[in-house]
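Hi everyone, thanks for coming. I'd like to walk you through one model today, so please have a look at it with me.

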Amino acid sequence: MLKHVKTTSLIGLMAVSAASVQAEEVTLRVGHLWPSVAAAHTDVVQAWADAVEADSNGRIEVQVYPSGQLAAPPAQYDAVKNRIMDATATVQGYTANRFPLTQVVELPGVSDSGKQGACILQNLMDEGHIDQEYDDTKPVFIFTHGPGGFHVSGTSIETPEDLQGLRIRRPTTVVGNILTELGAQPVGMAAPESYTSMQRGVIDGVALPWEGALSFRLNELSDSHTEIGGLYTLAFILTMNESVYNNLSAENKAVIDANSGMDWSVRAGEVFDAQDIAGRQQAVDAGHEIIQIEGGTSNPAWAPYIERAKETYLSDLEGRGLPAREVYERAMALRSQCEV
């Protein structure tokens, strides 16, 4: 009788143990906006997914859906919040006015590269300057692309006057404000829509980094490119549904935590910087015109407009009771710490 009890107990323990192992297995569905051939997919999102799978010994399966398959780019953050998908890599500024302090990093002069911008932005998050904007999801890491510029067809942009009346795709309202000050007509749209819009003549050009011109094939349509050092850098985030994260086992949470924060942020920035080099070289090889504005945003012809756009944004946020200038000043102070 005693032997039978022990045997039953052992079988029960084995069943509980097996159930625990089974409970630790989870599948995460991650959607993002880049095409599957883009380095942002292969070297950032998919690389992160592969690292999570490997570090969890296969307990966490990560399925990655590129090109907005699970939700259109402007809806991706809310899709994670509402658990339509488990995680996303997306652009905060596609949801206007939702991440105003985060978007301080998009202002002119804050960052000179993807790596530097990512370091600045992740530090702002880690130091508690912008984390309150993400109470509805579980941020994994936060990053930026490299310097944005102008890519147009059939015209050239050497001075602000050359932008007068041009319909230029803008990624966010921050960049839209800069374009408005410069006299352009900003047209809001997600990056994946840019190719078709430019091809059909809906827009005359785009504001994108070289990485974007490469990833979204805009070099096929543009023949003139203008580089204005420090014009803007766009903020991105890889974030999870909070309840999905909270319901993970302690072991699986530890895997996500180990693949979060600064290391992945900087890695993402470096991927974008490498793609900037490749995108620019593609335009050079195609014989395109590349105009470099001497002094970047400090150039006397450009500086008054750009400075006005920056001050308007900061003043507007301060008028809403947000510590915009404090965040901006901290971002600028982080530049030297995050130098590339």
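Let's begin with a question: which strands does H4 lie across, and at about what angle does H4 run to E4? Keep in mind that this is a predicted model. H4 lies across E4 and E10, and its direction is at about 145 degrees to that of E4.

Now to the sheet itself. It is an open sheet of five strands with mixed pairing, and the order is E2-E1-E3-E10-E4. Strand E2 (60-65) and strand E4 (138-144) are at the edges with a single partner strand each, so one side of each has no neighbour in the sheet. On average, and ignoring direction, neighbouring strands here are turned by 15 degrees against each other.

Let's zoom in on one pair. Strand E3, residues 87-91, and strand E10, residues 235-240, run antiparallel and are joined by five bridges. Within that pair, Thr88 stands opposite Thr239 in E10. Another helix packs on this sheet too: H9, residues 250-258, touches strand E1 (26-32), E2 and E10, and makes about 45 degrees with the direction of E2.

Back to H4, please. Helix H4 (residues 114-126) packs with helix H12 (residues 324-337) at an angle of about 130 degrees, and their axes are 9 Å apart. That angle makes H4 oblique to H12, and their crossing is right-handed. On the H4 side, the contact is made by Gln116, Ile120, Asn123 and Leu124; H12 brings Val327, Arg330, Ala331, Leu334, Arg335 and Gln337. Sorted by class, that contact has five nonpolar, three polar and two charged residues.

Thanks, and I'm happy to discuss!

Terms used. Residues numbered from 1 in each chain as written. Predicted model: local features only at pLDDT ≥ 70, side-chain atom pairs only at ≥ 80, totals over all residues. Heavy atoms only, no water. Axes fitted to C-alpha atoms, helices over the stretch in contact; angles between N-to-C directions. Helix = DSSP H or I, 4+ residues; strand = E, 2+ residues; numbered from the N terminus. Parallel < 35°, antiparallel > 145°, perpendicular 65-115°, else oblique. Left-handed = near helix turned anticlockwise from the far one by under 90°. Contact = heavy atoms within 4.5 Å. Nonpolar A, V, L, I, M, F, W, Y, C, P; charged D, E, K, R; others polar. Pairing = 2+ DSSP bridges.
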